[in-house]
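Subject: Structure handover

Hello,

Here is the structure for your files.

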Amino acid sequence: MRNTPNTISQPMQTTLAPEFRFPRRGAWHRLGFLVALNVGLLVLLAAIALSDHYADDAIAKREYLIANGVVSSVDRILNDITSRNQEAFTTLRGQPCATIFQALSESASHFRYIREVALVTGGRVYCSSASGPIDVPVATYLPTSPRPGATRATLLPQTPFQPGIPVLVAYRATARDAGVLYVIEGDYIADILAGGTRYGAATATLSMNGKALLSDQRKLMQDSSYKPERATRIASKTWPFTVSVSPSEEYVSHVCWKYRLIFLTIGLLLNCVVAAIYLLVFAPRRMLLKAVRDAIRRNEFHLEYQPIVSIESRALVGVEALLRWNHPKWGAISPAAFMPDVESSTMLAKVTAYVLRTTIADMKAHRPPAPLRLAVNVGPKDMERPQFTSEVVAVISRLPPGVTLVLELTERFLLEKSSRTMSIFQALRSQGVKFAIDDFGTHHSNLDLLARYPFDYVKIDRQFVAELETSGARLVQGLVSVAEHFDLEIIAEGVETEEQHNALREIGVEYAQGYLYQRPLRAEDLRNKWFAPSGKSMSEAGWKA
C-alpha cells in the first residue's frame, strides 16, 4: 500500500493543492494533541494557582489596611499622653493629693480614652485623678520602671480598683521612682479593634510586649494561645505592640471565588486559543482522514500493479499492489501525501480491507498465469489489530489457485514490535503467506533481525540501486551476501537503467522491479501486457515457492 519513488507512475506525481498539504506523520498529530492537552491542563492549573495567589494578596492587602488603621489609632492615643500637659503633671507631683486632686482631675480630662492619671513618688502611686488619694506600689502596674524621661506601656487584665476590666497602662518616669501613670480603658482599645471587623475582618487583636493580647471582644489572653489560620500582623513603629487582623470566612470565600472566576475565565480563553492553534495546525489531518473515508465510500481509490521480474529472463514472477487516489477535484494524489497519516489512524483498517478486497476482485477477474506472487504492503497498526490475522486468512482462501500473498514490512517496525510480530508471522506462515522485508538497509539493519524472523524475501531500497553505477556496487553485494546467508531471495527496487540491470545481474540479484521494466498499471492493462503468453512461463522464471 505504500509507495516508494520508483513505484510512482508519472501521472501520479501531482503536487497537492494548499488545502491538501497535510502533516507527514501521524506521530506529530498525537504529539500535538498531547502537547495541546498538557498546555490546556497547565493553563487551568496556573489559573487556579494565580487566582489563589492574587486572592491571598488581595485579602492580605485589605487586612493590612485594617490593621494599619488600628495601629495608627492606638499610636495617636499613646503619643497624645506623652506630648501634652507634661509640665503640669510634673509640677503637681510630690504635692499632697488633697491639694492637687482638682488640678490633676482637670488636666486628665483633656486626654481622650484616659480613665485616670495617677502620680508616683517613691515608687508608689499616691494620687489618682479618678479615685483621689491611694497607696499602691507602682510595681502593681509595671514590674520594672523605665529610665527617667522614658515611657513604658503594657496591657493589664485589671487594676486593684476595677477587677476584671482590661486596661492599657503607660508609665512616664520623670525621676527615679517617680513619674506619671496613665490608665487607658481597655474597652476603648477593643472598640478600635472592633471597628476593623466591620470591614471584613473576623477578629482583630492587639498584643503588647509579646505577652498579653487584647481582642475586639474585650478579652485579654496570652499571646501564644491565639493562632488564627490567616492573620496579617502590623507592628507599631513607636510603641511595643502589634495588631493582628484575620479575615472572615465569608470574606475569604467571596474574594477567592471572585479571583477564581476571573482567572478561570482567562484560562478558558487561553485554552480556546490553544485549541484554535491546535485545530489550525492539525485540522488538515482530520480533513484528510475524512476525505479518505469519503474516497472509499465514493470509489475514488483504485489499485495499480507494478510487475516484479526475473533479472535473468525479465519474465513476470509477481506484482506489487499500489494504492492510487484520483480525487474528483484535485486529481491524482500521491500515496506519500496521505498514507503516513492513514497508517497512524483508525482509517488504516478500512484502507487495508479495501486493498485486500480489490486485489481479490482483480485477480479473480483477470486470472493471472500461475504461479504468481501478490505483494501487499502492511502498515504498523495493521499488525496491532487483533482481527488482522483472520482478515488475511480470509483473503488467502479467496485468491485464485497459484497466487500467493506476500506481506511487505519495514525493518524499523519489526524492531519495535518483535514479540507480537513473531506470533503473527507464525500464524500467517502456517496459512501459506510469505513475508518480505521492505527497504532493507535504510533503518537499523542487523543480522539479528534476519535471524529472528522467518522472511522469504529481502527488498533492497532504490537508494542503493541508484548508486550501482558509481560506488554502491560493493554495498549491494554486501546486502546480497547477508541475504544469501539466511537463504533469502533478493528483490531490487527502483531499477531504471540497463546499467543498473546488468550490475544487479553480475552481483547475483534474482528479481527486480522498476521503471525499466514497467511503470505501475491498472489490472486490465497488466493482464493485456503481462498475463498473455510470452514464450516463457512464469514457472520457468524460478520464483521461489
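A residue is called buried under 20% relative accessible area, exposed over 50%, and partly exposed in between (1.4 Å probe, protein chains only). By that rule C256 is buried, because its relative accessible area is 16%.

This is a predicted model: local features need pLDDT of at least 70, side-chain atom pairs count only at pLDDT 80 or more, and totals for chains, interfaces and linings use all residues. Residues are numbered from 1 along each chain as its sequence is written, and side-chain values use heavy atoms, with hydrogens and water left out.

Disulfide. The structure holds one disulfide (a pair of cysteine sulfur atoms within 2.5 Å). The bond joins C97 to C127, with an S to S distance of 2.2 Å. C97 lies in helix α3 (residues 97-108) and C127 in strand β2 (residues 124-128), so the pair, 30 residues apart, links distant parts of the chain. Helices (H or I, at least four residues) and strands (E, at least two) are DSSP runs, numbered from the N terminus. The link of C97 and C127 is right-handed, at 65° about the S-S bond. Both ends count as buried: C97 has a relative accessible area of 7%, and C127 has 0%.

Surface patch. L31, V35 and V39 form a nonpolar patch on the surface, with about 210 Å² of accessible area together (Shrake-Rupley method, 1.4 Å probe). Patch residues have over 30% relative accessible area and no salt bridge, and nonpolar side chains are joined within 5 Å. A salt bridge here is a side-chain nitrogen of Lys or Arg within 4 Å of a carboxyl oxygen of Asp or Glu. L31 sits in helix α1 (residues 26-83) and is partly exposed, because its relative accessibility is 41%.

Regards

Definitions and conventions. Patches are made of residues with over 30% relative accessible area and no salt bridge: like charges are joined within 9 Å, nonpolar side chains (Val, Leu, Ile, Met, Phe, Trp, Tyr) within 5 Å.
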